[in-house]
Amino acid sequence: MTVTRSTEVTFSLNGQQTTVAAGTTILEAAQETGVEIPTLCWASNLTPVNACRLCVVEMEGSRALVPACSRECEPNAVINTDSERVALSRKMVLEFLDTTNDLTQSSELQTLIELYGADASRYSDPVRSEDPVKVEDDLFVRAYDRCVLCYKCVEACGDDAQFTFAISMAGRGFETRVSTEFETPLPESACVYCGNCVGVCPTNALQFKAEFDLRQTPDWDPESQTSTDTICSYCGVGCTLEVHTQDNEIFKVTSPSDHSVTAGHLCVKGRFGWQYVQPPTRRPPTNH
Amino acid sequence: MPDLKFSDAVPDSDERAVVDALISTPPVEQRSERWVIGGRAREEECRHLLLPGLHALQDTMGWITPGGLGYLAERLQVPIAEAYGVATFYELFELEQPDTEGPLHHVCVDPVCAISNSASYIAELRTKGHRVHESPCLGQCERPPAAFVQIKHGASQDLAAATKTPIKVAEAEPSRLLKRIGEIECTDLETYRRHGGYEALHLAINKGGEHVIEQLKKSGLTGRGGAAFPTGVKWEAVAAKDALVKYVVANADESEPGTFKDRVIMESDPFALVEAMTIAGISAGCEKGWIYIRGEYTTAAERMGAALTDATAWNLLGTNILGSPYNFDIEIRRGAGAYICGEETSLFNSIEGFRGEPRSKPPYPTDSGLFGQPTIVNNPETFLNVLEILNNGVESYRSAGTTNSPGTKLFCLSGDVSEPGLYEAEFGITLRELLVRAGGVTGDLQAILLGGAAGSFADSRHLDIPLTFEDTKAEGLTLGSGAVMVFSSRVDLSAVLMRLAKFFRDESCGQCVPCRIGTVRQHELLIQIGNRKPTSDNDLLLEEIAAVMTDSSICGLGQTAASAVQSAVQLGLIGDKQS
Ligand SMILES: Cc1cc2nc3c(=O)[nH]c(=O)nc-3n(C[C@H](O)[C@H](O)[C@H](O)COP(=O)(O)O)c2cc1C
Ligand code: SF4
Ligand code: SF4
Ligand code: SF4
Ligand code: FES
């Protein structure tokens, strides 16, 4: 017999008795025990918004499926993470996204589409999210036709990291979009170009201008790209940087989301101030 | 530097004036680069004024200008991008300058008005050069086609009240909830008192909250807003919380197509809602109440406002109500055109000045509701039942209806019946009897949409089912909000279905994938099927879209967005019935 203290919760996960600390989410419990649950809008460094519904699981006694990313484990709950009902829901979410957005630059979603057998061709002439790429500066571009409205950039710009609040969800329903006030271009908005929104975007809707430019050329070659860990040289905080390069040229800078100092977030200098590393002769200034 | 960057656009002096009139906290003062008095800490105190501020700007300029929005956001210390995000959530706010200054006519195109020629009314208005917005149900289904006119610099009007056609109210016994409505119109305190008003409040003050909650639990009263949750249990849960601040909220966002009962209650018996909310406050230890009224119900909002003023003047609201130790105040919030704001957690976000996106449950409102505090939220009809129970006792209350569905229910009859209107009936009445009371179906009955857009279709096979929570549930139907929309054989049901699907597509908040995209795909597929018989691929896809919306949506909107369509499929009402 298991003795359960109030600080612990025991429940059944896919038929396995599982004990976790009280307050643990189903997703965290699954991760601890090696059970895979797909996610899209969840990230370890952001507050769960449970909007994508990719992580839904079946909980006995609950009429609807529950989002694993935000639902806490409950004593004696019986949870099934891969029933037919769950698989159908996930397949449909993936089909919905695939009929709406350009997901070609998200390898995780491509894998899941394959895994769950999502088939976008079942829909005839579905209305898609169309939006010309916004190129407003030399630092990053916004290609909202890839945007799955996961809220991550809004959270990173707001009270999960940056506290700048330059962007918000606007509109309603299918017309919902990420926007500044009155669609003001970013340079005139409150944006401080920390790039934290770019860092959390799961679909590459937000991407470095350098990466965007490189992808426009025939030279884009993921195979030959490397990532080098280093420490930002600008200030005493000492953020860890992952410098992504192809042919010895930087196209993106990130920081690990589980890093104790940055939690994945940087400032404008660490994120975009790398030009001094590269001799100017090797990289002509970009004009647009 | 202040914490937030606002816009450089300059507000008009009128815009400044209306915003300043609303906000009593002084503007943020920047004494030097390093010394700012009042910054983002302000947001917490004032953000709930965002929605009233947006209304004020819209009314003043006829749209919400960058200068006006920027000024409002700065005064409230709400990030301007977020203020824009909130403003664009609502139908009644325009963020682009309209071509003309003339009024904007919102004309209902939902099923009941659609079969009553709203299309030709719209065409007529357009020919005359008016701006028209094809609106979802306006809650005036008993007098189609319904319209609501939004006017710059003036009080917008719901035409129903403007034309003053008296609402058809059932005379048949028992008249409990509607006893003051119809002939009497208790819009002044004197009349209300003469007809039994405020007796229940005296009783509640004398006997105390525990007694009230005990009575509610014994009465078996369940919520009339759609979910049928036991009211006594809800009040008890909030009463048990020892939070410093707790709230009572009346959910008068009434936007479920085919539903107009709460409008009639507020227009004709406003003090009853005030009294019942006060009793809730006393019973559960809440000192503040909010009434959230849908934006298009301007007459209801006016009359509720007048009732609050009168009640306060007579110490029926305020501190030490009638000499008792109890304090209670009520504030009105007007919605701005968003069906989803009737979902309780979405309603809280709307009041708080955020986008009306539903929150994830748990936590439930009784634990963490408005401003994160324990909150009682009920439908106006639910509140009215409380007065009945206290005034006449549990036994008398339970003498109507059935064991599991005691009491009476308001039914909103509309569409192809001789006398559309609001009817009160005991639970257990059948559809057949209800239709007889409404003068019968005009033409041959084809189908009835029961419970609103989120409900399901019934047809002649269902006429003898007792209308109780338990019996309808057993049949896969739902009473929902009490909407009964009747369609005779003259009606093209596939058009009705397409309109219902469009309704959900338009009203989805857009937060979660199953509903944001599922409602669009469902609508597209129905258009594609049109009047044909659906293929088996069509049926499978419709079913799978329904499954993910029902199973995985965050809130009740997505979870019920397929139910009417699915019920139509099951009854064989969809596609070419002749084949
Ligand atoms: C999309 C949606 C719209 C709703 N609209 C309303 C409404 O207009 N009025 C209402 O009372 N309840 C509405 N509800 C139900 C509320 O969430 C809530 O259950 C109700 O206000 C509780 O009050 P009751 O217990 O008195 O019914 C809605 C629910 C959903 C999911
Ligand atoms: S770069 Fe930083 S400030 Fe600008 S929108 Fe992204 S998160 Fe917000
Ligand atoms: S831009 Fe990227 S991070 Fe932002 S909501 Fe869209 S997909 Fe998510
Ligand atoms: S189900 Fe629809 S209305 Fe409800 S949260 Fe999801 S998108 Fe919004
Ligand atoms: S990951 Fe849980 S809802 Fe998106």
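Let me start with one cysteine. The sulfur of A:Cys267 sits 6.4 Å from the closest cysteine sulfur, the one in A:Cys232, so the two are too far apart for a bond. A disulfide here means a pair of cysteine sulfur atoms within 2.5 Å. Searching the whole structure over all chains gives 0 disulfides. A:Cys267 is partly exposed, at 37% relative accessible area. A:Cys150 is buried, at 10%. The cut-offs: buried is under 20%, exposed is over 50%, partly exposed is in between, with a 1.4 Å probe and protein chains only.

Ground rules. This is a predicted model: local features need pLDDT of at least 70, side-chain atom pairs count only at pLDDT 80 or more, and totals for chains, interfaces and linings use all residues. Residues are numbered from 1 along each chain as its sequence is written, chains are lettered from A and ligands numbered from 1 in the order written, and side-chain values use heavy atoms, without hydrogens and water.

Next, ligand 3. It is surrounded by 14 residues, each with a heavy atom within 4 Å. A:Cys150 is among the closest, with A:Cys147, A:Val148, A:Cys153 and A:Cys201.

Now the interface. Chain A brings 50 residues to the contact and chain B brings 54, counting heavy atoms within 4.5 Å. About 4000 Å² is buried between them, 56% of it from carbon and sulfur atoms. That is accessible area (1.4 Å probe) lost on being put together, summed over both parts. A:Phe96, A:Arg172 and A:Phe182 supply 22% of what chain A buries against chain B.

Last, charges. Chains A and B share 5 salt bridges: a Lys or Arg side-chain nitrogen within 4 Å of an Asp or Glu carboxyl oxygen.

Notes: Buried area = accessible area lost by both parts, 1.4 Å probe.
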